[in-house]
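Hello,

Here is the structure I promised to pass on to you. Please open it alongside this email, and then read on for what turned up in it.

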Amino acid sequence: MKKVLVVDDDRAVPRMVERAISDLDVEFLSAGDAEQGLKAIQTHGPDVLVLDIMLPGASGIELAREIRSLDAKLPVIFIT
């Protein structure tokens with residue numbers, strides 16, 4: 001089963017994405033900040049990442065740079 005990870009500090013956004021993909025055969029994961037997102041990537045190995053640009057503690061751009069060192073092929077969809 002494919003996995004989708006949403007990293008966003010606004011709780012409404014992950015819920016909205018989860019509802020939008022609920023008919024698909026995918027596992028939904030979410031994280032509220034960059035640190036949790038990085039841990040989720042390391043632990044769960046998502047197939048797609050939906051990433052907020054404005055996160056507490058670190059920007060989504062900074063997180064994307066870190067992610068590239070872990071998985072250079074992970075598709076990232078930026079949202080704001």
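**Two helices side by side**

Let's begin where two helices touch: Ala34, Leu38, Ile41 and Gln42 of α2 are in contact with Leu63, Glu66, Ile67 and Leu70 of α3. Sorted by class, this contact of α2 with α3 is made up of six nonpolar residues, one polar and one charged. Do keep in mind as you look around that the model is a predicted one.

How do the two helices lie relative to each other? The axes of α2 and α3 cross at roughly 15° and come within 11 Å. Angles under 35 degrees count as roughly parallel, and α2 and α3 are therefore roughly parallel to each other. The crossing in which α2 passes α3 is right-handed.

**The cores**

Next, have a look at the inside. The largest nonpolar core has 17 residues, and the ones that touch the most other members are Leu5, Val7, Leu49, Leu51, Leu63 and Ile67. Which elements supply this core? At least two residues each come from β1 (2-7), β2 (26-31), α2 (34-44), β3 (48-52) and α3 (60-70). With four residues, α2 gives the most to this core.

Apart from this core lies another, of seven residues, including Val4, Val6, Ile21 and Phe28.

Setting aside neighbours within four places in sequence, leucine 5 is in contact with Leu29, Ser30, Ala31, Gly37, Ala40, Ile41, Pro46, Val48, Leu49 and Val50.

**Along strand β2**

Two residues here are worth a visit. Phenylalanine 28 sits in strand β2. If you leave out residues within four places in sequence, phenylalanine 28 has contacts with Val4, Val6, Pro14, Val17, Glu18 and Ile21.

Is valine 26 buried, partly exposed or exposed? Its relative accessibility is 23%, so valine 26 counts as partly exposed. Not counting residues up to four places away in sequence, valine 26 touches Met1, Lys2, Val4 and Ile21. Of these, lysine 2 is 24 residues away from valine 26 in sequence, with 4.9 Å from C-alpha to C-alpha.

**Out at the surface**

Where is arginine 11 found? Arginine 11 belongs to the loop between β1 and α1 (12-20). Exposed means over 50% relative accessible area, and arginine 11, at 69%, is therefore exposed. A distance of 9.3 Å separates the C-alpha atoms of arginine 11 and serine 30, which are 19 residues apart along the chain.

Alanine 20 is part of helix α1. Its relative accessibility is 64%, so alanine 20 counts as exposed too. From alanine 20 to leucine 5 the C-alpha distance is 13 Å, and these two are 15 residues apart in sequence.

Key
Residues are numbered from 1 along each chain as its sequence is written. This is a predicted model: local features need pLDDT of at least 70, side-chain atom pairs count only at pLDDT 80 or more; totals for chains, interfaces and linings use all residues. Side-chain values use heavy atoms; hydrogens and water are left out. A nonpolar core is a set of buried Ala, Val, Leu, Ile, Met, Phe, Trp, Tyr and Cys residues joined through side-chain atoms within 4.5 Å. Buried means under 20% relative accessible area, exposed over 50%, partly exposed in between (1.4 Å probe, protein chains only). Contact means heavy atoms within 4.5 Å. Axes are lines fitted to C-alpha atoms, for helices over the stretch in contact, and angles run from 0 to 180 degrees between N-to-C directions. Angles under 35 degrees count as roughly parallel, over 145 as roughly antiparallel, 65 to 115 as roughly perpendicular and the rest as oblique. A crossing is left-handed if the near helix is turned anticlockwise from the far one by less than a right angle, and right-handed if clockwise. Ala, Val, Leu, Ile, Met, Phe, Trp, Tyr, Cys and Pro count as nonpolar, Asp, Glu, Lys and Arg as charged, and the others, Gly among them, as polar.
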